[in-house]
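The exercises below ask for a careful reading of one structure, each followed by a solution in steps. Please keep the sequence and the coordinates open while working through them.

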Amino acid sequence: MSRLIVVSNRVAPTQEGRPAAGGLAIGVLDALKETGGVWFGWSGEIAAEPSSPVIEKQGNVTYATVGLTKRDYDQYYRGFSNATLWPTFHYRNDLSRYDRQEYAGYLRVNASLAQQLKELVRPDDIIWVHDYHLLPFARCLRDLGVKNPIGFFLHIPFPVPEVMRTVPPHEELVKCMCSYDVVGFQTDADRQSFVDYIERGNHGTSSDENMVHAYGRFLKVAAYPIGIYPDAIAKASEQFSDRKQVRSLRDAMRGRKLIMSVDRLDYSKGLVERFQAFERLLLNAPGWHGRVSLVQIAPPTRSDVQTYQRIRQNLEGEAGRINGRFAQLDWTPIQYLNRKYERNLLMALFRQSQVGYVTPLRDGMNLVAKEYVASQDPADPGVLVLSQFAGAAEQLPGALVVNPFDLSQMAEALERALSMPLAERQARHADMMAPLRENNLSVWRDTFLADLRHVATASSVTEKAVKRADVTA
Ligand code: GDG
């Protein structure tokens, strides 16, 4: 089988061959181990000047990492990727800013990463590129003469055309995306937004087989919802339930009910609205005072981007205000923990809770929602309250689906979840475990790579046929 090269902005730091937690890292590393291959991207280090990749081999996987200069980091990563694309793709164009210099930096870094990768590419490799930092990457490789199959998966939402058009270089970006052979999205709605952009702008056409013909290229455009390994998570959550921190939480709860939330500290995750809906529950249903607590774990990310500093201040203010209003000497309504926890410990904490409260304002998929379900004890499972704007809502039919902009509806859903009878909780849990098993992380990866291999073979056949026709004409 051909060798796989994975490209992502950040190569997950490895410790004894184990990647940092997270869907991309786990799914990608598994795929690489099966076929052998290369994982190429940023090391996470700031370098004084650009240098060639540092190569480290572990088993049959080669890690090729590069540093970014401070200027590259500021323009490509902190700037265009995280201050323009991230907010706009999450429908927060009010938070998005555009700076021409930063966009130039974004294109420059993509071109320079492509140049560095080219040296490592062999003729029969297939290349799988991940996420919004690298929209122009295939185009840069093609400009360098690389002819290998190249696929792209977007982990975050793709906005509807009207919103996409607020990014000034929108057309150049979409045209760049058409240099890939397969473009994958988390949901069918995201796929449709991309196709709508192409068709409504008269840039190309699509067929029933998910093929798009645009800017002189044929590509497959489809939804590949990312999954988890539910049985491994179920096992870990059970095994870690006896850990000291989990026992302490159980003791501290003393018969109180627990609502759990875990998110990177990000404005797309709807944390402020979530706190306010919990406050609404306490206002509407005083019977719950002293009987339920919300634990919010939110490790900080991108803390040098200004909007992330603001959300942090805002959230600390809201938690303090709500606790000041309702707390009793022996009860704190919201425990807000601004730090990272060990992955398996998180799964065990999910298992202790009666409600998983996952209410992003917009989210590509949201793995936490899936992990929450998988962590539950099937004999006495907790209930998932889930935003309709998470990609995961399409796939978790047993969740209580809410609109995170409707605080009253969220408060009612919390109350319903806290009071739900055991038989209903069990039935809802079983309804969600079946699709989680059927569409696990291996299925996501294998389906994408099978399509990439297939489309690449088909298009090289078409290309040869076209060339033959040109010669004979
Ligand atoms: C992007 C898209 C899409 C969280 N806190 C800790 C911790 N986590 C882990 C969770 C989960 C992962 O991080 C977060 O994944 P999400 O999917 O929830 O969200 P994003 O980080 O925004 O991911 C998203 C995803 O890519 C995959 O395609 O689903 O829509 O935005 O696995 O458990 N892990 C540890 N400690 C923590 O404190 N160890």
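A residue is called buried under 20% relative accessible area, exposed over 50%, and partly exposed in between, with a 1.4 Å probe and protein chains only. The model is predicted, so that local features need pLDDT of at least 70 and side-chain atom pairs count only at pLDDT 80 or more, while totals for chains, interfaces and linings use all residues. Residues are numbered from 1 along each chain as its sequence is written, and side-chain values use heavy atoms, with hydrogens and water left out.

**Exercise 1. Describe the overall build of the protein chain.**

Step one takes burial: of the 473 residues, 56% count as buried. Step two takes the extent, where the C-alpha atoms fill a box of roughly 85 × 45 × 45 Å along the principal axes. Step three takes the secondary structure, which amounts to 16 helices and 18 strands; these are DSSP runs numbered from the N terminus, helices being H or I with at least four residues and strands E with at least two.

**Exercise 2. Work out the arrangement of the sheet that contains β13.**

The sheet is open and has 6 strands in the order β15-β14-β13-β16-β17-β18, with parallel pairing, where two strands pair if DSSP finds at least two bridges between them. At the edges stand β15 (334–337) and β18 (400–402), and because each has a single partner strand, one side of each is left without a neighbour in the sheet. From one strand to the next the twist averages 20 degrees, angles running from 0 to 180 degrees between N-to-C directions of axes that are lines fitted to C-alpha atoms, for helices over the stretch in contact. Within the sheet, strand β13 (residues 257–262) is joined to strand β14 (residues 292–297) by 6 bridges, and Leu 258 stands opposite Ser 293 in β14. Helix α12 (residues 343–352) packs on the sheet, where it touches β13 and β14, and its direction makes about 145 degrees with that of β13. Helix α13 lies across β13, β16 (355–358) and β17 (383–387), running at about 170 degrees to β17.

**Exercise 3. Locate Ser 375 and list its surroundings.**

Ser 375 belongs to helix α13 (residues 367–375). Its relative accessible area is 0%, so Ser 375 is buried. Leaving aside neighbours within four places in sequence, Ser 375 is in contact (heavy atoms within 4.5 Å) with Ile 233, Ser 237, Met 347, Phe 350 and Arg 351.
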